[in-house]
Structure formats: C-alpha cells, structure tokens
Amino acid sequence: MTELELKQQRLHDELGRLPSLLVAYSGGVDSAYLAHAAYQALGGRMLAVTALSASYSALDRKEAERCAQRAAFPHQFITTDELNDPDYQANNPDRCYFCKDELFRKLDEMAAQRGFAAVAYGVNVDDQGDWRPGQRAAREHQVLTPLLDAGLTKVEIRELARGAQLPVWDRPASACLSSRIAYGIPVTPERLAVVEKGEEAVRALGFRHFRVRHHDKLVRLEIAPAELPRALTPEMAQKLVEIFKPLGFAFVTLDLEGYRQGSFNSALIEIKR
C-alpha cells in the first residue's frame, strides 16, 4: 500500500469504530471528504450537518447541497446565531472561536437529542500552521478530528476526493464571508451582503481564485497571481471600479501580492512567533 492508501485505511478504521457520528459539513473539500468517508464507514449512522447564517454564502450552500446529493450521504441544514453574539460581531482576531463555539454547541445539542455518539470536523495537518482560534472551541467541545489524526494534508485530501469523484475535489478554499472583513471592523449582515455581492460579480467576470477584503471604505481585491495580469488591464480595472463603487467603497484596490489564504492572519502569526 502507498502512504496515502495507509492514511486512508487509518481514517476508515477510526471512523468505523464509532457507533455513530455527526459531521460538521461546510461543503468544502475537507468536510466533504470526511462526510463521504464517514458514510462509507458508518452508512446511515452518520449525518452531515451544514450551519446556515448570514456569513455563509448562497454559493457555498448550493455547492454543499450539490456535493451531498452527488455523494448520497445523509445531510441536513441547521441555523446558527453567531451574529447575535457581541463578541463575534466585534471581529477581533479570536472571532472564529465564537463562531465555532456556537456551531459545536448546536451540534452537541443535536447529538444528544438524536443519539449520535460524537461530532467531527474536517481540520487537517496543514491547518496547524495558521491562526485558527476555532480549533480551541473544537477542543473544548471534544470534537473529533479524523483527517488530522490520519495525518492527511490538504493535497492528499484533494487527491482522495478526486478519486471518490466528489465534485468539490478541486474547488478553491472558501472560508466564511466574515473572514473577508478586516479585524476590528464590526461584522454586520450589511457588510457580509456587500462582500457576497462583490464576490459574485468578480466570479461572473471569470476569475476563480480570489478574495474580496473589506477594509471599511476601501476594498482590497486579492486575485491569484496567474489571473492577476488580466485584472491589471485598464479595461478590467474599470469594470472592477464599476462593481465596487456602487457597493459603497470609496477606494478600489488590487493587492499586488495576489490571493493568499488567511492574509489577515499573517501579522498575527508573526506576533505569535
């Protein structure tokens, strides 16, 4: 067996030992593959659960539903209320803790009510190098980490998801909409809606790997280096201005470093070191 096959076997063995399982399922490749693997190991004794709130985009909901239907694993939506939490709204660097605490609290309640033995989420080996306060909430709620325990990296998960024919295997990473708002700027439904509209418009222009970063009156567009030359043409620059000025931004900027995941966290990680 290859190393990846050994990791896959380790994952399936671990999942198969569980009586039943709720999977926190966002629709991204990590949680999608975890849900698929759990369904293979447990059948109807697992349930993938997707949390809906203003920070979860309509596109993410559509992709989560499509993947669950394609893979045929049990799936359900619930509603979470993190936007009612002042600590979450404040948008300090620990914002994700309050989001995940709300999510796992709801999943704990659901597990207790419906007789599921455990809750798991799709954290992987590569996630250990970023600033992720949500992992603290997961530890406090004793959420299982099967992909991490199996030693799987993001690249390996994508390879396994491709082999399983999951439609999200090559989908770009898609964190919640709140992650687009600069720390210290309060998270509101209005700002989240602006980010979502902006990203829909940029996607309609044909860009694939990008982020709309909300800095109050300034928007900072991160576009993947391979796609950045197209964004820098005068014609495209004008289209981007025409998208974002009506959304309330006084300044429309392109980040010359291009798209990189978790760019707001880079300064925090340096401070932590």
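A search of the whole structure turns up zero disulfides. Keep in mind that this is a predicted model.

**Cysteines**

- Cys67 is in no disulfide, and its nearest cysteine sulfur, that of Cys176, sits 20 Å away.
- Cys67 is also buried, with a relative accessible area of 0%.
- Cys96 is in no disulfide either; here the nearest cysteine sulfur, again that of Cys176, is 5.8 Å away.
- A disulfide needs the two sulfur atoms within 2.5 Å, and the 5.8 Å from Cys96 to Cys176 is given for a cysteine that is in no disulfide.
- Cys96 counts as partly exposed, at 26% relative accessibility.

**The largest nonpolar core**

- The largest nonpolar core is made of 34 residues.
- Leu21, Tyr25 and Tyr33 are the ones with the most contacts inside this core.
- Helices α1 (3-16), α2 (29-42), α3 (58-71) and α8 (154-163), along with strands β1 (21-24) and β2 (46-52), each put in at least two residues.
- Top contributor is α2, which gives eight residues to this core.

**Around Leu21**

- Setting aside neighbours within four places in sequence, Leu21 is in contact with a list of residues including Leu15, Ala38, Leu42, Arg45, Met46 and Leu47.
- Further along the chain, the contacts of Leu21 include Phe116, Ala118, Val119, Ala120 and Leu144.

**The second core**

- There's also a second, separate core, with 30 residues.
- Among the members of this second core are Phe98, Phe116, Ala137 and Ile185.

Notes
Residues are numbered from 1 along each chain as its sequence is written. This is a predicted model: local features need pLDDT of at least 70, side-chain atom pairs count only at pLDDT 80 or more; totals for chains, interfaces and linings use all residues. Side-chain values use heavy atoms; hydrogens and water are left out. A nonpolar core is a set of buried Ala, Val, Leu, Ile, Met, Phe, Trp, Tyr and Cys residues joined through side-chain atoms within 4.5 Å. Buried means under 20% relative accessible area, exposed over 50%, partly exposed in between (1.4 Å probe, protein chains only). Helices (H or I, at least four residues) and strands (E, at least two) are DSSP runs, numbered from the N terminus. Contact means heavy atoms within 4.5 Å.
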